[in-house]
Amino acid sequence: MATAKITVPARKTSEDITDVLKVSTKTFGCAILGTSPLILNRMSEKAKHQLLFPSGKKGAVEKATSLKHEPITEYRASAYRMKDPKAPMLLAILSTAFKGAIRSAALDMPGAKKAQIGRLTYIAGEHVGIYGVPKLLMSVVRSADMNRTPDIHTRAIIPQWGCWLEVTFVEPLIRMQAVANLLAAAGLTIGVGDWRPEKGAGNYGQFRIVNRDDATFIRILEDGGRVQQAEALKYPVCYDDESTELFSWFQDERAKRALKGVA
């Protein structure tokens with residue numbers, strides 16, 4: 001009876017291992033011009049403190065003798081600030097806002113996967129400095145509770161804005177043109193900040209890529225730097241008629257309550 005011959009494969013040596021593709025990173029900068037107003041959405045310190053150490057429900061007397069909102073404080077707290085005191089601008093948003101926009105744009109673009117794009121691209125720095133003069137926006141929002149309770153939120157909105165973005169990507173796993181295409185698509189369909197198209201709530205925070213010498217971009221840089229932004233935070237101007245009406249009513253009501261000894 002014949003015995004089957006068993007062949008044991010030879011052990012591979014280091015010379016037999018297939019070469020691994022060499023990768024590196026490349027960074028390109030681009031001028032970003034807002035095409036719709038940007039609503040800043042940093043969580044205020046008061047909200048963070050409530051999450052960390054809830055104060056509990058207020059009684060009827062406490063509700064009647066205290067203010068639920070302080071619009072000017074909320075307005076100033078809605079913006080991230082540049083940590084570098086020498087930065088040409090004061091206001092900022094998280095750099096992850098733009099990275100998230102690029103990742104989300106990959107969902108609608110053929111040949112791109114959201115998770116893969118997230119691994120292959122990122123934005124330099126923790127914050128991206130924003131040029132543009134902020135205004136005070138007061139608007140009705142719905143809370144995240146079961147009843148979708150309405151509330152009034154005050155935030156900073158920048159009608160005309162721009163920034164300089166530095167995007168780093170892994171080469172040759174993705175090409176610069178592909179990243180630029182995703183960024184351009186993100187500016188149209190995703191956006192950044194509150195009420196952006198991605199959330200289906202509005203068309204705020206949209207943007208496009210422009211040349212560095214674009215006339216509108218240069219004007220925003222010149223007229224919406226650190227000095228102008230600090231002035232706008234110190235002396236707020238309402239964004240629209242609704243904000244003006246709500247803020248005026250609040251000021252009058254607070255004055256009336258002050259006469260009654262209400263904090």
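1. Start with Arg155, which is buried at a relative accessible area of 7% (buried means under 20%, exposed over 50%, and partly exposed anything in between, with a 1.4 Å probe and protein chains only). Arg155 still has a charged partner: Asp194 forms a salt bridge with Arg155, the closest N and O atoms being 2.6 Å apart (a salt bridge is a side-chain nitrogen of Lys or Arg within 4 Å of a carboxyl oxygen of Asp or Glu). The pair links distant parts of the chain, with Asp194 in the loop between α6 and β10 and Arg155 in strand β8, 39 residues apart.

2. A word on what you are looking at. This is a predicted model, in which local features need pLDDT of at least 70 and side-chain atom pairs count only at pLDDT 80 or more, while totals for chains, interfaces and linings use all residues. Residues are numbered from 1 along each chain as its sequence is written, and side-chain values use heavy atoms, with hydrogens and water left out.

3. Now the overall picture. The chain has nine helices and 10 strands (DSSP runs numbered from the N terminus: H or I of at least four residues for helices, E of at least two for strands). Of the 263 residues, 37% are buried. The accessible surface comes to about 16500 Å², and 56% of that belongs to carbon and sulfur atoms (Shrake-Rupley method, 1.4 Å probe; for residues, only the protein chains shown count as cover). Take the contacts between residues at least 6 apart in sequence: 76% of them join residues at least 24 apart (contact means heavy atoms within 4.5 Å).

4. Back to the charges. The whole structure has five salt bridges. One of them joins Glu171 to Lys26, with the closest N and O atoms 3.3 Å apart. Glu171 lies in strand β9 and Lys26 in strand β1 (residues 24-34), so this pair ties together parts that are 145 residues apart in sequence. Both ends count as partly exposed, Glu171 at 27% relative accessibility and Lys26 at 38%. Pro172 sits in the loop between β9 (162-171) and α6 (176-189).

5. Trp195, in the loop between α6 and β10 (207-210), has a positive phi of about 55° although it is not a glycine. Trp195 counts as partly exposed, at 25% relative accessibility. Another salt bridge pairs the side chains of Glu198 and Arg196, at 2.9 Å from N to O. Arg196 is buried, with a relative accessible area of 17%, whereas Glu198 is partly exposed at 34%.

6. Which residues touch the most other members of the largest nonpolar core? They are Ile32, Phe98, Trp161 and Leu165, in a core of 44 residues (a set of buried Ala, Val, Leu, Ile, Met, Phe, Trp, Tyr and Cys residues joined through side-chain atoms within 4.5 Å). Leaving out residues up to four places away in sequence, Ile32 touches Phe98, Trp161, Leu165 and Phe217, among others. A second, separate core of eight residues includes Ala31, Tyr131, Phe217 and Ile220. As background, nonpolar side chains in soluble globular proteins tend to be buried together.

7. On to the rings. There are four aromatic pairs (rings of Phe, Tyr and Trp, the last by its six-membered ring, with centres within 6.5 Å; planes under 30 degrees apart are stacked, over 60 edge-to-face and the rest tilted). Trp161 and Phe207 have ring centres 6.4 Å apart and planes at 70°, so they are edge-to-face. This pair links distant parts of the chain: Trp161 is in the loop between β8 (150-158) and β9, and Phe207 is in strand β10, 46 residues apart. Both residues are buried, and together with Phe98 they form one aromatic cluster.

8. Arg212 lies over Trp164 at 4.2 Å from the ring centre, and Arg42 over Tyr80 at 5.8 Å.

9. Last, have a look at Ser243 in helix α9 (residues 241-259). Ser243 is buried, with a relative accessible area of 0%. Setting aside neighbours within four places in sequence, Ser243 is in contact with Leu136, Leu137, Met138 and Cys238.

Conventions:
A charge sits over a ring if NZ of Lys or CZ of Arg is within 6 Å of the ring centre and within 35 degrees of the ring normal.
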